[in-house]
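I opened the model to go through its side-chain pairings. My notes follow in the order I looked things up.

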Amino acid sequence: MRIPGVDDKNGWGFRIHFCLQSAMLIVGAYGNFAADSYCFLLLAHTSLFKDLLYCKFQDLNEILQQYPRNSLRSKPLVQDILKWHQKHVL
(Lines give C-alpha, C1' and ligand atoms only; values in the text may rest on other atoms or scores of the structure.)
Protein backbone atom coordinates (compact mmCIF):
# COMPACT_ATOMS: atom_id res chain seq x y z
CA MET A 1 0.00 0.00 0.00
CA ARG A 2 1.38 3.37 -0.95
CA ILE A 3 0.54 6.67 0.65
CA PRO A 4 0.02 9.45 -1.87
CA GLY A 5 2.59 12.22 -1.51
CA VAL A 6 5.09 10.14 0.50
CA ASP A 7 8.11 8.80 -1.36
CA ASP A 8 8.86 5.26 -0.20
CA LYS A 9 12.34 5.33 -1.77
CA ASN A 10 13.96 7.63 0.80
CA GLY A 11 14.53 6.86 4.50
CA TRP A 12 11.67 8.80 6.07
CA GLY A 13 9.13 7.72 3.49
CA PHE A 14 10.08 4.09 4.08
CA ARG A 15 9.70 4.54 7.84
CA ILE A 16 6.31 6.20 7.45
CA HIS A 17 5.06 3.37 5.22
CA PHE A 18 6.49 0.78 7.59
CA CYS A 19 4.80 2.37 10.64
CA LEU A 20 1.45 2.63 8.87
CA GLN A 21 1.56 -0.98 7.72
CA SER A 22 2.57 -2.11 11.22
CA ALA A 23 -0.37 -0.25 12.72
CA MET A 24 -2.71 -1.87 10.19
CA LEU A 25 -1.36 -5.32 11.05
CA ILE A 26 -1.94 -4.70 14.77
CA VAL A 27 -5.50 -3.52 14.15
CA GLY A 28 -6.15 -6.52 11.89
CA ALA A 29 -4.74 -8.95 14.44
CA TYR A 30 -6.95 -7.47 17.18
CA GLY A 31 -9.99 -7.72 14.90
CA ASN A 32 -9.22 -11.36 14.18
CA PHE A 33 -8.85 -12.07 17.92
CA ALA A 34 -12.14 -10.28 18.69
CA ALA A 35 -14.02 -12.25 16.04
CA ASP A 36 -12.62 -15.56 17.32
CA SER A 37 -13.52 -14.64 20.90
CA TYR A 38 -17.07 -13.76 19.88
CA CYS A 39 -17.53 -17.11 18.11
CA PHE A 40 -16.13 -19.01 21.10
CA LEU A 41 -18.39 -17.18 23.57
CA LEU A 42 -21.42 -17.76 21.36
CA LEU A 43 -20.74 -21.51 21.28
CA ALA A 44 -20.01 -21.69 25.02
CA HIS A 45 -23.20 -19.84 25.90
CA THR A 46 -25.27 -22.12 23.68
CA SER A 47 -24.37 -25.18 25.74
CA LEU A 48 -24.96 -23.23 28.96
CA PHE A 49 -28.45 -22.20 27.79
CA LYS A 50 -29.16 -25.79 26.79
CA ASP A 51 -28.28 -26.99 30.29
CA LEU A 52 -30.41 -24.31 31.95
CA LEU A 53 -33.37 -25.15 29.74
CA TYR A 54 -32.90 -28.84 30.57
CA CYS A 55 -33.06 -28.03 34.32
CA LYS A 56 -36.23 -26.00 33.83
CA PHE A 57 -37.85 -28.89 31.97
CA GLN A 58 -36.82 -31.29 34.75
CA ASP A 59 -38.57 -29.07 37.30
CA LEU A 60 -41.66 -28.97 35.13
CA ASN A 61 -41.56 -32.76 34.75
CA GLU A 62 -41.42 -33.24 38.54
CA ILE A 63 -44.42 -30.97 39.06
CA LEU A 64 -46.38 -32.76 36.35
CA GLN A 65 -45.61 -36.14 37.91
CA GLN A 66 -46.66 -35.00 41.38
CA TYR A 67 -49.76 -33.07 40.25
CA PRO A 68 -50.98 -34.39 36.90
CA ARG A 69 -53.56 -32.24 35.12
CA ASN A 70 -53.19 -29.39 37.62
CA SER A 71 -52.72 -26.29 35.52
CA LEU A 72 -52.44 -24.01 38.55
CA ARG A 73 -49.07 -25.55 39.41
CA SER A 74 -47.71 -26.21 35.91
CA LYS A 75 -48.81 -23.03 34.12
CA PRO A 76 -46.38 -20.67 35.94
CA LEU A 77 -43.47 -22.99 35.14
CA VAL A 78 -44.41 -23.20 31.46
CA GLN A 79 -44.77 -19.41 31.30
CA ASP A 80 -41.38 -18.99 32.99
CA ILE A 81 -39.75 -21.35 30.46
CA LEU A 82 -41.31 -19.51 27.52
CA LYS A 83 -40.36 -16.05 28.84
CA TRP A 84 -36.81 -17.16 29.57
CA HIS A 85 -36.45 -18.76 26.14
CA GLN A 86 -37.81 -15.70 24.31
CA LYS A 87 -35.50 -13.40 26.30
CA HIS A 88 -32.36 -15.38 25.48
CA VAL A 89 -33.20 -16.09 21.87
CA LEU A 90 -33.31 -12.36 21.21
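I took a salt bridge as a side-chain nitrogen of Lys or Arg within 4 Å of a carboxyl oxygen of Asp or Glu. This is a predicted model, where local features need pLDDT of at least 70, side-chain atom pairs count only at pLDDT 80 or more, and totals for chains, interfaces and linings use all residues. Residues are numbered from 1 along each chain as its sequence is written, and side-chain values use heavy atoms, with hydrogens and water left out.

**Salt bridges.** I got 2 salt bridges by this rule. K56 pairs with D80, with 3.0 Å between the closest N and O atoms. That pair links distant parts of the chain: K56 sits in helix α1 (residues 11-66) and D80 in helix α2, 24 residues apart. I used DSSP runs for helices (H or I, at least four residues), numbered from the N terminus. K50 and D51 also join in a salt bridge, at 3.5 Å from N to O.

I then checked accessibility, calling a residue buried under 20% relative accessible area, exposed over 50% and partly exposed in between (1.4 Å probe, protein chains only). D80 is partly exposed at 37%. K50 is exposed at 53%, while D51 is partly exposed at 40%.

**Aromatic pairs.** I paired rings of Phe, Tyr and Trp (its six-membered ring) if their centres lie within 6.5 Å; planes under 30 degrees apart are stacked, over 60 edge-to-face, the rest tilted. The count is 2 aromatic pairs. F14 and F18 are stacked, because their ring centres are 6.3 Å apart and their planes lie at 20 degrees. Both residues are in helix α1, 4 residues apart, about one turn of the helix. F14 and F18 are both exposed.

Which arrangement do F49 and W84 adopt? Their planes are at 85 degrees and their centres 5.9 Å apart, so I logged the pair as edge-to-face. F49 is in helix α1 and W84 in helix α2, so this pair ties together parts 35 residues apart in sequence. F49 is partly exposed at 26%; W84 is buried at 14%.

**Single residues.** I looked up H17 next. H17 lies in helix α1 and is buried, at 6% relative accessible area. Leaving aside neighbours within four places in sequence, H17 is in contact (heavy atoms within 4.5 Å) with M1, R2, I3, V6 and D8.

L77 was my last stop. L77 belongs to helix α2 (residues 71-89) and is partly exposed at 26%. Beyond its neighbours within four places in sequence, L77 contacts D59, L60 and I63.

Terms used:
Helices (H or I, at least four residues) and strands (E, at least two) are DSSP runs, numbered from the N terminus.
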